[in-house]
Amino acid sequence: MDKIIEILTDNGIDKAKSKTFGKYYQMLIEWNEKINLTAITEESEVAFKHFLDCISVFTSGVIAPGSSIIDVGTGAGFPGIPMKLYDSSLNITLLDSLNKRINFLNEVISVLNLSGMTTLHGRAEDYGVNKEHREKYDICVSRAVANLATLSELCLPFVKVGGYFIAMKGPKASEELEAAQKAIKLLGGRVEKIINYDISDTDYDHNMIMIKKISATSTKYPRKAPKPSKEPLI
Ligand code: SAM
């Protein structure tokens, strides 16, 4: 974990926070032997491709201190846990349909003593129609979960009018956006821009698609699983 700390401090993260990232890394590697959490395990790769990639979301400029955020399809906690370790004032909800991953996340929250952080086990299609969660978040983030048309149906229902859905995407961001334009509009979103960003030491093309929620989502959405993925709104 020394390498993680070195890379993160070299990239402007203070020593105390970098050490906490190191502890998260240790837990990730330990648990990854029992349950499938990540294919990337080498220290510097985790530092760049998971941790620094996830906290690049702050360069979007829309994440105010204290914001309420939901991470849809968080898996091993990406990007939600790195976001919380970087800015402890955020209130973050981690949602995933796989209970084994939720158990891991609960353990991380407990061991790292993270307050203002909760987990939800279940599908976005079900929580998106639940009054306690629908249109209750300033921001919804999601990385590597589904194509943008499907993801918009899973994510936009959680966002308050005036808030943002940030889709963290790879090199096919523009292509996906093209195919999802109709869905985004239908769900009450407006595309503001695609932010292309670099992570030192990686050659991967990273993009954040910034979608503002400009009107309430019709109660027709999200549809029940598996409709959003089998019949995307395109
Ligand atoms: N966001 C993480 C990352 O960037 O490493 C995990 C990505 S992993 C490829 C996709 C995750 O989304 C899985 O953990 C899966 O269980 C979850 N997922 C997929 N569809 C979902 C849905 N409809 N509702 C909740 N979770 C979902």
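User: How much space lies in the second largest pocket?

Analyst: Please keep in mind that this is a predicted model. The general idea is that rolling a probe the size of a water molecule over the atoms shows where empty space is left. Here, the second largest pocket holds about 220 Å³ of space. Its lining is made of 13 residues, and those closest to its centre are Asn11, Leu52, Ile55, Ser56 and Thr59. Sorted by class, the lining of this second largest pocket has seven nonpolar residues, five polar ones and one charged.

User: What volume does the largest pocket have, and which residues are closest to its centre?

Analyst: The volume of the largest pocket is about 460 Å³. It is lined by 23 residues, of which His50, Asp53, Phe78, Arg143 and Ala144 are the closest to the centre. By class, nine residues of this lining are nonpolar, eight are polar and six are charged.

User: Which helices and strands supply at least two residues each to the lining of the largest pocket?

Analyst: One can read a lining by asking which elements its residues belong to. In this model, helix 3 (43–55), strand 5 (159–169) and strand 7 (206–213) each give at least two residues to the lining of the largest pocket. The largest share, three residues, comes from helix 3.

User: Where is the ligand, and which space does it take?

Analyst: The space that the ligand takes is the largest pocket. There are 16 residues around the ligand, and the closest of them are Gly73, Phe78, Asp96, Arg101 and Arg143. This shell divides into six nonpolar, five polar and five charged residues.

User: Turning to the backbone, is the peptide bond from Tyr221 to Pro222 cis or trans?

Analyst: The angle to read is omega, and for the bond from Tyr221 to Pro222 omega is near 0°, so that bond is described as cis. Another cis peptide bond joins Ala225 and Pro226, with omega about 5°. Pro222 is placed in the loop between strand 7 and helix 9 (227–230), and Pro226 is found in the loop between strand 7 and helix 9 as well.

User: What is the value of phi at Glu135, and where does this residue sit?

Analyst: Phi of Glu135 is near 55°, which is a positive value in a residue other than glycine. Glu135 has its place in the loop between helix 6 (124–127) and strand 4 (137–143).

Technical notes. Residues numbered from 1 in each chain as written. Predicted model: local features only at pLDDT ≥ 70, side-chain atom pairs only at ≥ 80, totals over all residues. Heavy atoms only, no water. 1 Å grid on protein atoms, 1.4 Å probe; cavity = no way out; pocket = protein on both sides within 12 Å on 5 of 7 lines; lining within 4 Å. Points joined across faces, edges and corners; volume = space filled by probe spheres on them. Helix = DSSP H or I, 4+ residues; strand = E, 2+ residues; numbered from the N terminus. Nonpolar A, V, L, I, M, F, W, Y, C, P; charged D, E, K, R; others polar. Near = heavy atom within 4 Å. Sits in = over half its atoms within 2 Å of the grid points.
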